[in-house]
Amino acid sequence: MSTPVPVPVIQLAQALTVLVAAPGVSGVIARVESRLQGRRGTRVLQPYYDLGKLFRKEALAPDGASWVFLVAPLGAMACYLTVPLLIPVLTTFPLPLGYLGDILGGGFVLALASFAVAVAAAETGSPYAQLGASRAKTFGAITEPVVLFVVFTVALVTGTDLPYALAETVRSSAEQIVRPAHLLGAAALLLVILAETGRIPVETHTGTTEFGMIEQARPFEHSGPYFAMLSWGSAMKQLILFTILINVFIAPWGLAASPGAGDVAVAVVALVGKCIVLGVLIAVIDNSFAKLRLFKITEFVAAAFLLAVLAVFTLYFGGG
Amino acid sequence: MSVVLVLLTTLPLLSVLAALPARVRISETVTLCTALAGLGLAIVLVPAVVREPVRFGILRADALSVVFLLGTTFLYAATAVYSIGYLNAEREHPGFARYARRFHIGLNLFAWSMMCAPLMDGLALLWIAVEITTVVSALLVALDDTDNAAEAAWKYVLLASAGLGIGLLATIVMYYAGSTVLGSSYDVAFAPLLTAGSTLPHTAVQLAFVLAVVGFGTKVGLFPVHTWLPDAHSEAPTPVSAMLSGSLLAVSFYAVLRYYQVASGTLGPGFPRTVLLVFGVLTLLLAALYLLEQRDLKRLLAYSSVEHMGILTIGIGLGAPLAFAGVLLHVIAHAAAKGNAFFGAGVLVRKYGTKDTGTIRSCLDTLPWTAPLLLFAILALSAMPPFGLFRSEFQIVAGGLAGAHDTVTVVLVVLVTLAFLGLSVATTRMLFVRGGADLPVRGEPSAWMVAPMVAGLLVLIVLGVHPPADFSDLLARGVAELGGGT
Amino acid sequence: MNVLAADPAAVAPPGVYAGVANGLAVLVLLTEFAMLRTTLLRAQVRVYAAQSLLVSLLAVVVAVVRDVPELYALAGLSLALKVIVVPWLVLRMLRAAGTEIAGSGALGVASEVLLAVAVAAFGFFATGRFHVTSPALPETALALSVAVILVAFVLMIVRRDVVSQAIGFFSLENGVSLASLVVAAGMPLILEVAFLFDLLVAVVVFGVLMQVHHRRSESLSTRNLTKLRE
């Protein structure tokens, strides 16, 4: 047991970990992806360099765009820094601000970020940015029921809907892990994350054809530091979603059980490691399937919905 | 007596073997002999089962099974005779030998499976036998190899198999119900189930009964899963249609009856009767309405079968002993009457080359024997005296009134009258209305096709006027087995 | 830090055995949904094989944990029949027919899935009313098997080609097998074998009729099966 770290510092460390690690995790995934496709790929640290370059560039705004266009990236960033305070990023025990919001609350904050970006995109008058924004909102609306049912599952399993409580329940015994409701809920969440992070089969992550774009098209008109913040934000969103899936649902191990400095350091490393493993898995999925046509995305979401609904069903007889 | 049971379940298989080599005459003869022997053996069983159930290994015959066995074997025999005439006309076609071989193999297998079903001791074996009747008859429906036959066979096999899937679920749930009392090594035989009676878990038996009514009801032709029935009946070769309508539906109804027996033993009669009444009335209503506007002769008769299955179901639902007796009599009389009607329709279709009731005219002029016989068959189906169906429906109605089911009984009478209207209008038009420029030449296609109709008519009259004493005893015993009087 | 203590309102976990068994049953239901979604006939047959494999696997799990040795034989037989023979027969027929893609169903895929979810929910909650409990498997597995059966019906209704409809029937039988594992695990082996044999006969007849259909209409679609109406 090393020297204890003050709890507010850990709280801050959660947000900082996400902030700092997010571009790195994206870099690793991009690297693995290019290797899977037989390319050499960029350096793992490339996203940091990109961000650095973008921050040094001047910012331009389209004619007629109002202050919302410029504030939105900041707002989104703020949202992405708030969510890590609510979820178990580094510790098994709830930190004081963990009670600010439950899973649903975290979801709302994420949705707010997405809303801000969409409004900014709508400000531009660029057809592609608006297309991306409206699509993102449409598919966001149909993934919403899935998320709700996952939340119901969590609520039924733990009796609360605090993410810390579910992580604790999963850790408590093997029978909590094999129960179908838990597995189904986790699978549904994985599908939602694929959709939300713009992965195949919903969207080509690195594609350049605007017609198939959803998430990627939204920051088309932003530039310089604003574009940097949007990219950084989407990397953070990815890491946050990964963290929720890993630390709440599928592998809530390796977290700091006490506020010791060593424990927290281990937890940071463990989190990054686990997220990279998940990222590699997603990269493999990305390379194994074809992108769905835009109108087939509802089928993908229907599959996720099915899993989430079944999770709630199986809980009905206490058999889930 | 056990040797009779064994013979009944093996003879048709032997005639299947005889039909394998392609000699048509031989297989016709063997089929005929087997069928007549089967009828004889079934009659021999009557006095025995009136005393007590006959058992041998997995075979078991009580009064209830013999009633259905009689219907099946009678129709089997009549069909065997009729088929000789039916096939005669095809003799010139290329590929006749192949067709005839398939026909005989199929017909005998079909008859075998339907004779086995009532003789099986246990719900699981019963399900297996009924499933075999389905697959064999599906192949027979497709025998004519036309587009329509292929369509009808596909719809039939799909719907009936799906229904029987539900029937299997019913069997399994019933096994579960039985195993909670009788231990897990028990094989769903009837006697222990009936003895266990009210000690069985109620909800499970309830579930099993409803599943059985829906599942086997698909094959009985109960609403709303009757849709395969008119297609299959109208597209199958006529002898097969007759057996489908007269026996297959009855055999499936027998399965429902067995579940009723167990369910009413466990739950008391209230619940199962209500379920049957609901399904029966809806079925009858639907059939009566369809009968009014049916122009295809064989489909007309098919809907009449749906109607009669509705009557049977209502009869059990009414629950009075008199109604039970009526139902059992109805099973046999319906087999004879519907057999006759299909036989007659087959001759008409042969003669005129169409199934359209709007085109067929002046039958009384062209078919001196078949036309009156068909008329009598239709009258019998409409429950006119002095035929057997009059007696049976009268008993059902009387039972309903006695059992304080006035409303249902009135509905029954009204709907049966409606059905009578539909049937008789279509038939009288074909028989009595003269016209049509190019009528076929006067004369019967084959005496073989007339003979079974005469026999059927005799049976109908005997059943209607004065059933033999042994037969009445059989029915009385069957009523007792169904729990009549409680 | 009381929030982390087990909440009385929470649904207690079913235990490792029941959880695994239910998980397998859930997978059976999911494969049923997968059949509803697949458009390639070949893939559909493979999904059916996978589903049968899951049912056999569940039989083995029950046999091991509940010590019912007959179930090993049953699992082996159903493996041979439903995972190997039946898919092989259907695939051979498909090769002969030369058709790859099923015509689209009567509904869009997403609406099909939603309809099936609704139907499955009905079956699930209806089963709950009957309180059929069994020593072999938890009640949830029974409810899931009923859901499988109902979704198989949806499959048979909305799909418009003979192969999908036949697969729908076969998978309906898988659902019944699942149910029989729950409530009738101790059923005499001879009966189970007879059921399987019966299935084989049905498969052969389905195959024959599918071939008849294909020969007559030059396709596997049932869209043109509309002559017999009224």
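The expected span of a helix is 1.5 Å times one less than its number of residues, and this rule is used for two of the helices in the legends below, which all describe a predicted model.

**Figure 1. Helix α5 of chain C, seen along its length in the predicted model.**
Helix α5 of chain C runs over residues 139-158, which makes 20 residues, and the rule gives an expected span of 28 Å. From the first C-alpha to the last, the helix reaches 29 Å, which is close to that expectation. How many of the 20 residues of α5(C) are buried? The count is 19 of 20, and α5(C) is therefore mostly covered, given that a residue is called buried if 20 or more other C-beta atoms lie within 10 Å of its own.

**Figure 2. Chain C as a whole, with its helices and its overall dimensions.**
Taken along the principal axes, the C-alpha atoms of chain C fill a box of roughly 70 × 40 × 35 Å. Of the 230 residues in chain C, 53% are buried, and among the contacts in this chain with a separation of 6 or more, 76% are made by residues 24 or more positions apart.

**Figure 3. Confidence of the prediction in chain C.**
The mean pLDDT of chain C is 84, and 92% of the residues in this chain reach 70 or more. Where in chain C is the confidence lowest, and where is it highest? The lowest value belongs to helix α7 (residues 189-217) of chain C, with a mean of 84, whereas the highest belongs to helix α2 (residues 41-66) of chain C, at 92. Where pLDDT is low, the predicted coordinates should not be read in detail. For the model, the scores are ipTM 0.91 and pTM 0.88.

**Figure 4. The contact between chain B and chain C.**
Chain B and chain C each bring 37 residues to this contact. On the side of chain B that touches chain C, α5 (123-141), α6 (147-182) and α8 (202-220) of chain B each supply at least two residues. The largest share of this side comes from α6(B), which gives 20 residues. Sorted by kind, the residues of the side of chain B that touches chain C are 22 nonpolar, eight polar and seven charged.

**Figure 5. The contact between chain A and chain C.**
Here 33 residues come from chain A and 35 residues from chain C. The elements of chain A that give two or more residues to the side touching chain C are α5 (127-158), α6 (163-172), α7 (174-178), α8 (180-196) and α11 (297-314). Which element gives the most to this side of chain A? It is α11(A), with eight residues. The residues of the side of chain A that touches chain C divide into 20 nonpolar, nine polar and four charged.

**Figure 6. Helix α19 of chain B and its surroundings.**
Helix α19 of chain B covers residues 469-481, and because its 13 residues should span 18 Å at 1.5 Å a residue, the distance of 18 Å between its end C-alpha atoms agrees with the expectation. The buried residues in α19(B) are B:Leu474, B:Leu475, B:Arg477, B:Gly478, B:Val479 and B:Glu481, and the buried residues of this helix pack against α2 (24-51), α3 (63-88) and α13 (321-352) of chain B. After α19(B) comes B:Gly483, whose phi is positive, near 80 degrees.

**Figure 7. The surroundings of A:Val117 in chain A.**
A:Val117 lies in helix α4 (residues 103-124) of chain A. Is this residue buried or exposed? A:Val117 has 27 other C-beta atoms within 10 Å, and because 20 or more are enough, the residue is buried. When its neighbours within four places in sequence are left aside, A:Val117 is in contact with A:Ala72, A:Ala76, A:Arg218 and A:Leu230.

How values were computed. Residues are numbered from 1 along each chain as its sequence is written. Chains are lettered from A and ligands numbered from 1 in the order in which they are written. This is a predicted model: local features need pLDDT of at least 70, side-chain atom pairs count only at pLDDT 80 or more; totals for chains, interfaces and linings use all residues. Helices (H or I, at least four residues) and strands (E, at least two) are DSSP runs, numbered from the N terminus. A residue is buried if 20 or more other C-beta atoms lie within 10 Å of its own, exposed if 12 or fewer, and partly exposed in between; C-beta atoms are placed from the backbone. Two residues are in contact if their C-beta atoms, placed from the backbone, lie within 7 Å. Ala, Val, Leu, Ile, Met, Phe, Trp, Tyr, Cys and Pro count as nonpolar, Asp, Glu, Lys and Arg as charged, and the others, Gly among them, as polar. pLDDT is the predictor's confidence in each residue, from 0 to 100.
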